[in-house]
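I opened my notebook to follow up a few helices and a side chain. Here is what I looked up.

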Amino acid sequence: IASIEAWLQAPFSLSSVVCKRLAIASTDSQIPDSPHSSSELLGRDVRASVTSLVASKLASSRQLAICRLLLVYGLGGENASPIHQLALRSVIYSSALSWAVHQPAPDDPSLTVLDKNLSNLAHGHIGITAAQSLADAFIASSFNGNPIVSLTRIISPESYGRVMLRLLAPFAEFPLHSSLYGVEETRSINENTKEITAECLLAEGAAIGKYDSSGAEKTWNVASELLMDTSTLDFMDSGHFRDIFHGLKDEREQWWTFQYEPHHEDILMRVVCLILSSARSDGQIIETRDEISRLCAMQTIKALFIPTAMVASDYGVPMDGTFVDWLLNNVSIHDQVSLQSLYTFVKTMMRISNLIHRLTTLESSLNLVTKESAVWTHSCSVTLNASLDVIANISSCLPPEMSREMPELPTLWSMAFQTSMKGYLWDDALQACISNPLEERKKENLKRFILGMIDAEAMGKLIAMSLTVVGEEIFPSTDPDVMDDDTDSFEPNNNTRESRCIDLFEMASNIIQEAAFENSTLDRFGDNRPNYWGCLYALYASRGNWKEAARAMHMCATVTSSIVKIPSSDRPELLSKEASEKLIRDITLSTQTCAHALSLVEDPACRYLISGSQASSTPSSIFQRDANDSGAIQVLTEDHVQWLASHAIALQRLNMDDLSPDSIATILKASSLELIDVLARLGYYDQAIAIALERSALSEGRPGGIDLFDDALKHILRKYLVPAAIHTCSNSESFDDGEKDSSPRPTISQIRQSSHTCIRSMHNSLQYGVSSNSTNSMCWQENRHSDISVRTSMAMELVQQYTTIYANSCHGLSNSVARAFLISTGGELDLPIWLKNLCMFGNTEGVDSSSTGGLFAQHRVSGVENSRNAADPAGLIRVFMEFGRLEDACDIVIDVLSSKNYEASSNRLPEKGNIDYVPYDLIDTLWNTIEAVASSDVGTSVDIAMLLKKRGQMENALKRHFESLKTSEEGLQSARALSYS
């Protein structure tokens with residue numbers, strides 16, 4: 001077969017007839033000297049001449065190879081099939097070579113591969129007369145028996161990968177026969193050929209992956225198969241391997257940590273070569289030097305064989321066959337270990353080293369593939385399978401106590417994890433992560449796994465995963481046949497000897513939370529930051545743990561608000577408008593989501609959060625009631641969380657306003673009262689009142705007492721809303737206090753929004769007051785009104801809505817509004833009729849006349865807890881007297897006393913609370929004040945006659961009232977009898 005293979009590879013024929021017919025003969029690779037320089041060779045004429053000669057010779061060689069193929073296919077016998085393969089290889093190679101020489105060079109498309117090769121061959125002084133010799137030299141170098149030597153003379157695999165692939169493919173498919181060059185050299189040539197072919201295939205797959213994913217995937221599969229170690233071994237049972245391992249281990253606990261010197265590698269190489277050569281009868285080593293070098297590079301081999309070799313050297317054992325016998329005696333602990341068993345052990349480790357080399361080659365080729373390529377995931381999958389092949393061979397071929405302690409195993413699992421992460425093979429990545437025997441590396445990889453999925457926007461896949469408790473399957477069993485004799489349990493490397501379980505869900509949530517805290521201090525307002533808080537919320541929500549989901553959003557809002565540092569000086573920290581909007585938007589969304597998640601907690605008793613952790617350790621947090629108590633742990637109820645949501649909405653509304661403070665820190669550190677005041681000043685009455693309502697609900701005041709909401713509502717109406725309406729009525733052009741602003745407050749849209757919110761809240765709480773028909777819709781149809789007059793008319797109606805709706809629940813509101821009207825007008829204008837009636841008679845709807853008081857007495861509103869009717873005529877009298885409007889005070893007394901229903905007096909029983917109250921002392925004070933004014937010598941603008949007339953009418957009303965009190969005793973007795981019956 002060797003002679004036939006040499007004959008089939010020759011590009012020429014010994015037959016003169018054939019040579020003459022094909023115009024081909026034996027070539028001479030020696031290039032004669034010439035006085036001409038090599039630059040002349042590169043001229044057009046010489047290049048064309050040589051190219052033509054090479055093309056004709058290659059065509060003739062291809063015809064010759066085809067003829068030989070036809071000839072050998074006619075042969076019979078046992079060796080026909082190998083000879084057919086060799087002939088077919090020659091035909092394919094000659095065809096590929098004929099194609100290759102005409103391909104453009106990658107670095108210079110104007111030249112071909114042949115042109116570049118001629119430059120390498122023409123290293124001497126060659127003239128035009130040497131074209132024939134140069135062509136013969138090219139043919140001779142191309143058809144050298146060793147394909148690696150031949151092809152590397154022609155082209156470089158790094159620069160001409162595709163061309164090299166076509167040329168090496170025939171030798172990869174039909175390897176050289178061992179009888180031609182010897183077993184070791186032939187094996188080395190074939191292995192190098194397959195390796196270079198695989199590398200070219202991988203590069204080709206990376207190149208075509210952009211437009212042909214299917215072809216690229218097949219290319220990677222073929223390359224992976226070429227790199228596979230196809231050598232077969234008759235493996236012995238694991239018991240012999242166990243004896244060899246324990247004999248080489250020599251009772252060393254941490255045998256894998258052996259430290260060696262550089263010269264020890266030469267000793268290890270001699271030991272391995274002795275074992276490989278001693279096992280063969282001919283004493284030859286059929287393994288390639290590259291395979292032996294890769295085997296000796298393994299840490300396991302170094303840690304097992306170098307200490308043994310050093311011990312043998314100490315005992316004076318020579319490095320020859322005597323050493324092998326001495327080694328076999330040392331490893332024969334229970335049974336006698338044969339040389340063939342030791343050889344098989346070394347060959348098994350060599351197979352593992354070859355598989356690791358295959359994995360390294362595939363992994364390095366991943367750098368050639370871009371993540372955008374369609375073959376990226378498949379390339380990572382092929383590389384991952386190579387990692388798993390190595391791990392599977394280690395687990396199946398070696399004893400468990402050895403495979404678990406091999407230092408290569410954690411590295412292999414880490415490589416499998418990294419490859420899975422690159423290819424977005426999440427399930428495989430998780431399995432590789434939890435299978436790593438090193439606890440520290442396992443936890444580190446799990447962190448990279450969780451954060452990597454979030455960065456890759458694969459949160460949905462993470463949620464769908466079964467993140468359970470793992471750990472039992474990672475560590476060895478307690479089978480006494482597998483364990484050491486002197487140990488009860490086993491755990492790899494330096495870890496403590498106990499099985500550790502990991503709750504993947506808990507660890508994932510902790511990792512995301514830690515990343516969220518770390519992310520809050522880096523690139524504070526970057527748009528490309530992953531939303532770790534949102535991912536943490538989604539993770540808890542997917543498991544139905546709404547309380548933890550709410551806690552995540554609470555921490556998100558708190559940490560986000562704490563990003564802005566509270567300035568220690570009077571100069572607050574300024575941020576860009578975009579950064580401020582993003583920060584407030586994140587806080588608002590987080591608080592709203594927190595409130596919603598907490599409301600989904602099934603048990604109402606568990607709807608609370610614990611504050612005061614790392615998230616709320618800064619005074620800038622809106623989640624703290626007292627900045628001086630930043631370190632205290634607080635229990636946030638559902639109402640408190642809802643208030644935080646309303647607070648955040650108000651902050652967002654305020655930050656979006658052009659007139660709001662420029663510093664976001666100033667906005668965030670504002671207290672509730674400060675926020676209410678600035679919102680009302682800018683015209684956001686609905687938001688200010690909402691904040692006051694929510695904050696008041698959290699206060700622990702006395703029932704029926706005045707709380708924050710009462711004070712806030714009175715403050716809003718008295719300081720901002722009433723002046724806006726009064727100024728318009730008196731002088732519409734002075735609404736802006738003489739300063740023309742591009743955005744006067746309140747705006748029409750703000751008033752309409754507040755009006756609609758007020759009406760909606762009235763319907764939701766079933767309060768009594770104005771109807772929705774009074775929400776300023778008429779004002780929009782009055783084209784004759786200016787914008788200012790329309791705005792202020794709507795403000796007046798908004799005052800009426802707020803006062804009427806909240807008069808019952810907010811004690812003294814109507815009189816406070818009346819006082820604000822008089823203050824704003826200097827006591828010169830009359831009160832609106834609706835306000836005057838409200839102060840005198842209150843909201844008549846919902847008042848049960850049969851169970852309430854009368855006249856100046858305050859009534860309770862039926863069905864509403866801790867509320868009283870808005871009527872307080874006595875208080876209005878005091879207000880009028882304060883501003884010198886004595887006639888109006890008399891009118892209040894007259895109107896209230898005249899409103900009594902005298903026919904129903906006998907049916908109202910005092911013992912049931914039906915009493916008529918009249919403030920006689922106040923009326924006496926009013927009468928005396930009028931007397932003093934009338935008798936005063938000081939000039940006044942008051943019409944004394946009219947004032948005295950009003951006092952007389954008040955006196956008449958009092959007389960009628962006294963007469964009504966003379967109800968007969970018989971009438972009261974009849975009323976009692978009818979009531980009790």
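I call a residue buried when its relative accessible area is under 20%, exposed when over 50%, and partly exposed in between (1.4 Å probe, protein chains only). My model is predicted, with local features needing pLDDT of at least 70 and side-chain atom pairs counting only at pLDDT 80 or more, while totals for chains, interfaces and linings use all residues. I number residues from 1 along each chain as its sequence is written, and side-chain values use heavy atoms, with hydrogens and water left out.

**Entry: H7.** I found Ala131, Leu134, Ala135, Asp136, Ala137, Phe138, Ile139, Ser141 and Ser142 buried in H7. Nine of the 12 residues are buried, so H7 is largely enclosed by the rest of the structure. Helices here are DSSP runs (H or I, at least four residues), numbered from the N terminus.

**Entry: H18 and H19.** I looked up how H18 (residues 339–365) and H19 (residues 376–397) pack: their axes, lines fitted to C-alpha atoms over the stretch in contact, come within 9 Å. They cross at roughly 165° (angles run from 0 to 180 degrees between N-to-C directions). That makes H18 roughly antiparallel to H19 (over 145 degrees). The residues of their contact (heavy atoms within 4.5 Å) divide into 10 nonpolar (Ala, Val, Leu, Ile, Met, Phe, Trp, Tyr, Cys and Pro), four charged (Asp, Glu, Lys and Arg) and four polar (the others, Gly among them).

**Entry: Trp927.** I placed Trp927 in helix H40 (residues 920–935). At 31% relative accessibility, Trp927 counts as partly exposed. Leaving aside neighbours within four places in sequence, Trp927 is in contact with Arg951, Met954 and Glu955.

How values were computed. Helices (H or I, at least four residues) and strands (E, at least two) are DSSP runs, numbered from the N terminus. Angles under 35 degrees count as roughly parallel, over 145 as roughly antiparallel, 65 to 115 as roughly perpendicular and the rest as oblique.
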